[in-house]
Structures are given as structure tokens and as C-alpha cells.
Amino acid sequence: MKKLNTHNAVILDTETTGLDRFAEVVEVSLICAESGKVLFNSLVDPVKPIPSDASAIHGITSLDVAGRPTFSEIKSTLESLLSDCDALLIYNESFDLRLLFQSFRYSGASSESVEAFRSFLQTIGRKTHCVMHWYAEFYGELNEHDDYKWQSLSNACLQQSINVSDLTAHRATADCEMTRRLIDAVNLKLESSEA
């Protein structure tokens, strides 16, 4: 199993209105995978109100995002930052990339703009690594289908004895930092097993 390269890599995380095909992003963060420096963080005002069950998880309410930028207003900044990195690291890659796309699709953008963003995300996907799948393989627990069982980010940090007491889970920047610490811890173990 290979270490994840964090050189010129960015970690991305989102918080959302839900999990389904109508869900939208309400917060997005990008941090440097090496240093943990926050490159971008913003609450995002979605088209639809934030359901109370989603707010109960991340603590973000419709009142919190009122007057904040819409996804259309932050899209070009995200595109620029994601284009400049060599690798994009996401805990649950398919979910976050899908939610970025859905958020723009529901923003009222033209069908041409939506298709251009879909192409952009597909291109970005080629340099994206799903940290959740990578960690599942490292941890090695199998599910009933003999596939590696996915672990929640909080569980993964607990399993690796990573101190995250200074972070609030289910907020985008904190989850990015939890992912960074998890990558560092696992990379160190992989390095020592090679020696």
C-alpha cells in the first residue's frame, strides 16, 4: 500500500443540506495538505433552506448562511485553487465532488456553464484521491461483501489515536484538518513498515 503524497496537495471538505440528489453545499474549505494552512473557507447560501436534521449535525442554520456567497459566487475561486494543486485529497471523494456539482446545477446557471463545470470536475477527479477508501484498505476491516469497510473520519482518527480535541467535527475546516492528521499518521506507519 502506498503513502499519499501531500506535496502541493489540497484537502477539501464540504458541509451540506443533506445526502440526496437535491442536497447542496453550505460550507466548503480547502487546506494545504502539508502545512494545514487554510487556503479557502466559506459558508455558502444554498438555494433551498437547510433542513433541521442537517443543522443538527453541523450546526449551520439558514440564518447563518443568509447573505453569504452563493455557490456560483465562489465557484471560480474553487476552480482556480483546485487547478493549481497537483493532488486533491478528500475523505469520501465521490460525495463531495457530487455535491459541488449539484450545488452549481441548482444555482440557476446555464446548461452550458453546468456542463463546463461537470467537465472541470471530471478533470479534477483524475488527480483526486479518496482518503476514506485509502484508509479503509489500511485499516483492513472487511464488510459482509468482503470489501474494505469504510470508517467515519472521527472513528478513523480514534482508531489511530489522533488527538482531535481542539477540532469540532462536521465543520469543513476542522474535517480537513482531521483528514490531514490522519494522512500524516498513516503515512508515518506505512513509512516505518517499509524500513
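1. Strand S4 (residues 87–90) and S5 are paired in the parallel sense over three bridges, where strands are DSSP runs of E with at least two residues, numbered from the N terminus, and pairing requires that DSSP finds at least two bridges between two strands. Leucine 88 stands opposite threonine 128 in S5.

2. The model is a predicted one, in which local features need pLDDT of at least 70 and side-chain atom pairs count only at pLDDT 80 or more, while totals for chains, interfaces and linings use all residues. Residues are numbered from 1 along each chain as its sequence is written, and side-chain values use heavy atoms, with hydrogens and water left out.

3. Five strands form an open sheet in the order S3-S2-S1-S4-S5, with mixed pairing. Its edge strands, strand S3 (38–43) and strand S5 (128–130), each pair on one side only. Neighbouring strands of the sheet are turned by 20 degrees against each other on average, direction ignored, with axes being lines fitted to C-alpha atoms, for helices over the stretch in contact, and angles running from 0 to 180 degrees between N-to-C directions.

4. Helix H8 packs on this sheet and touches S1, strand S2 (25–32), S3 and S4, its direction making about 140 degrees with that of S1; contact here means heavy atoms within 4.5 Å, and helices are DSSP runs of H or I with at least four residues.

5. Helix H8 (172–194) also supplies at least two residues of the lining of the largest pocket, as does strand S1 (9–16).
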